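Q: I would like to learn how to read a strand and its surroundings in a model. Could we go through one case step by step?

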Amino acid sequence: MNPAARPSDSSGAPAPAAGLEVDILHEAGAWDEAAADVVRRAALRAYGAVRGAAPAELSVMLADDARVAALNKTYRGKDGPTNVLSFPSADIAGMEAVLLGDVVLARETIAREAEAQAKRFDDHLAHLVVHGVLHLLGHDHASDAEADRMEALEREILQDLGIADPYDMDRASRDA
């Protein structure tokens, strides 16, 4: 993480980066009002952990399984919904802020996964936003080494948000 970009707030937790502008679009699905706050907070932490306060813009679409399934088929050639999709933007010469890209979230899939994994919906949502933003920032999990680095960064960011390690399934099972 970039400690210089993470001054503490009043709770002692690192403050999110101020350079990221997050636009949230409620496209479809039964999202409650708190989801936008969870999304914004997780996106700011993930971005701040990697890029600090550099100016950038991110778009997040709150969608349903049908919308995500259509995007998954069109852009990845895969049938059915997935929990999160990330679409990086190309750099545009002359723009002051970097356009990171788009993160698209499927409400029903996230809810099913959270229940099956005995996690709080908001915690799972935050994890997926962090995961999606890290993809837009160039992180991947194509190899075991990349996955280990990406998961370690996710754990660190989620810990900053007060969220338990999402990969600790033994603990999740005990707490359920």
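This is a predicted model: local features need pLDDT of at least 70, side-chain atom pairs count only at pLDDT 80 or more; totals for chains, interfaces and linings use all residues.

Q: In which sense do β1 and β2 pair, and over how many bridges?

A: Strands count as paired when at least two bridges are found between them; here β1 (residues 20-26) and β2 pair in the parallel sense, over seven bridges.

Q: Which strand is joined to β2 by eight bridges?

A: That strand is β4 (residues 98-106), which runs parallel to β2, and within β4 Leu105 is the bridge partner of Leu62.

Q: Is the β-α-β unit of β1, α1 and β2 left-handed or right-handed?

A: Handedness is read with the strands pointing away from the viewer, where a clockwise path over the helix is called right-handed; the unit made by β1, helix α1 (residues 34-51) and β2 is left-handed.

Q: Is β2 mostly covered or mostly open?

A: Buried means under 20% relative accessible area, and six of the eight residues of β2 (residues 56-63) are buried, leaving the strand mostly covered.

Q: What is the nearest side chain of opposite charge to Asp64, and how far away is it?

A: Asp64, in the loop between β2 and α2 (65-76), is buried yet has no salt bridge, with Arg67 as the nearest such side chain at 6.8 Å, whereas a salt bridge calls for a distance within 4 Å. The backbone nitrogen of Arg67, however, lies 2.9 Å from a polar atom of the Asp64 side chain.

Terms used:
Residues are numbered from 1 along each chain as its sequence is written. Side-chain values use heavy atoms; hydrogens and water are left out. Buried means under 20% relative accessible area, exposed over 50%, partly exposed in between (1.4 Å probe, protein chains only). Helices (H or I, at least four residues) and strands (E, at least two) are DSSP runs, numbered from the N terminus. Lys and Arg count as positive and Asp and Glu as negative; His and the chain ends are not counted. A polar contact is a pair of N or O atoms within 3.5 Å; within protein, one must be able to donate a hydrogen and the other to accept it, and residues adjacent in sequence count only if both atoms are side-chain atoms.
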